[in-house]
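This report concerns a single structure, shown directly below.

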Amino acid sequence: MKINIANHGYTLIWDGVYYFALSNYPHISSWELKKLLTFIDFENRHGRKTEIICEDENITKAVDHAIKHPEIVEDVLLPDKITECTYCKQKGCLTKFVCHTATPDNAKKILKSGKLLSAVKVFGKTNTELVLDPRNAAGDPEDYFDYIMFAWGNCTAGDNLVMERLLGRGATDDERQNAFTPGIRFYFRYDDIIRHPNYVFDGYHPAKVKNELLLSDYLYACIVPEHFRLEYENLIQPSLVNRIHYHKQNNYGLCDWAEAVYEFIAGFDETQE
C-alpha cells in the first residue's frame, strides 16, 4: 500500500493508494502522525507492506521521527473536529458520533434482524469473492469485508455511496444536489463504539467492528427519511422503537441533508445530557 502525503482535498484509499490529507498542509499534526502510524501497523499485521510518498522534507522528517519514536504520539487524543476534509457544511468532521449508512432495502433487513453485519456475513460470500466483485471499485483488500465500517457522524460519504449503489454508477454533482436520494443513517456515540470488543481503528476509517454489532446494545439513533415512515414502522424490533426518528427530506441536496440530520442528532443528544 502506498501512502501519498500531499495537499489532497480529502483522505481516500483507492486502488492501493492511501491519499493522506492534512488539516494544515504542509504541517502534520500529532493526531495525523498517530493515525499514520496506526495505519502502518494495521497493514503490517495483515501482511501488507507500506511505502510513504511525500515531497515535503519537513513532513518526511516528522514522520520518520514518529516511526522511530512511536511513544511521542501514543497518548494523543482524538480532536473534537478534524479538518482534513472540508466538503461538508461544518467544514470538518465532528467526532462525537460515528455513522453507518444503508440503502432503504438493506436498512429494513438491519432493523428486522436488529444487527449490523459485515459484508461477508451479509452476502454469504468469501472475502476472495467480494474482492473480485465489480462493486469493489476501490480495490479494497480481503480483510476489509470482515468489518462493519463507520464514517464520522456529519460525513456525506455514506449517503454518497448509497446513491452510487442505487444508480449503479457514480453520482454527478447535479444529482447530489437536485436528485439526491438519502440513505438510512445509524448513529452511534464514538465513545460507545470504541468499547465494543471487536472494535478496530485501522488508521483510515474512524472506526470499524468485526463481524456483527447488536443494535440494542449500541445504537444511539436511526434517522429514516419521513417518506419511508409507513414502510418502516411495522418492522422495527420493540427494543429499538424509541431510537428510530423520522426526518423530512425537504428537497435537500447531499450536504444540506447531512447537515440537517447531524444538527438534529446533536440537538437531540443535548436534551439527553
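## Basis

The model is predicted: local features need pLDDT of at least 70 and side-chain atom pairs count only at pLDDT 80 or more, while totals for chains, interfaces and linings use all residues. Residues are numbered from 1 along each chain as its sequence is written, and side-chain values use heavy atoms, with hydrogens and water left out.

## The sheet

An open, mixed sheet is formed by four strands in the order β2-β3-β1-β4. Strands (E, at least two residues) and helices (H or I, at least four) are DSSP runs, numbered from the N terminus; two strands pair if DSSP finds at least two bridges between them. Because β2 (12-14) and β4 (51-53) each have a single partner strand, one side of each edge strand is left without a neighbour in the sheet. Neighbouring strands are turned by 20 degrees against each other on average, direction ignored.

Strand β1 (residues 2-5) pairs with β4 in the parallel sense over three bridges; K2 has E51 of β4 as its bridge partner.

## Helix α1

Helix α1 (residues 30-45) packs on this sheet, touching β1, β2, β3 (17-20) and β4. Contact means heavy atoms within 4.5 Å. After α1 comes G47, with a positive phi near 75 degrees.

## Residue T101

T101 belongs to strand β7 (residues 97-102). T101 counts as buried because its relative accessibility is 17%. Not counting residues up to four places away in sequence, T101 touches G158, D159, V162, G183, I184 and R185.

Notes. Buried < 20%, exposed > 50% of the residue type's maximum accessible area, 1.4 Å probe, protein only. Axes fitted to C-alpha atoms, helices over the stretch in contact; angles between N-to-C directions.
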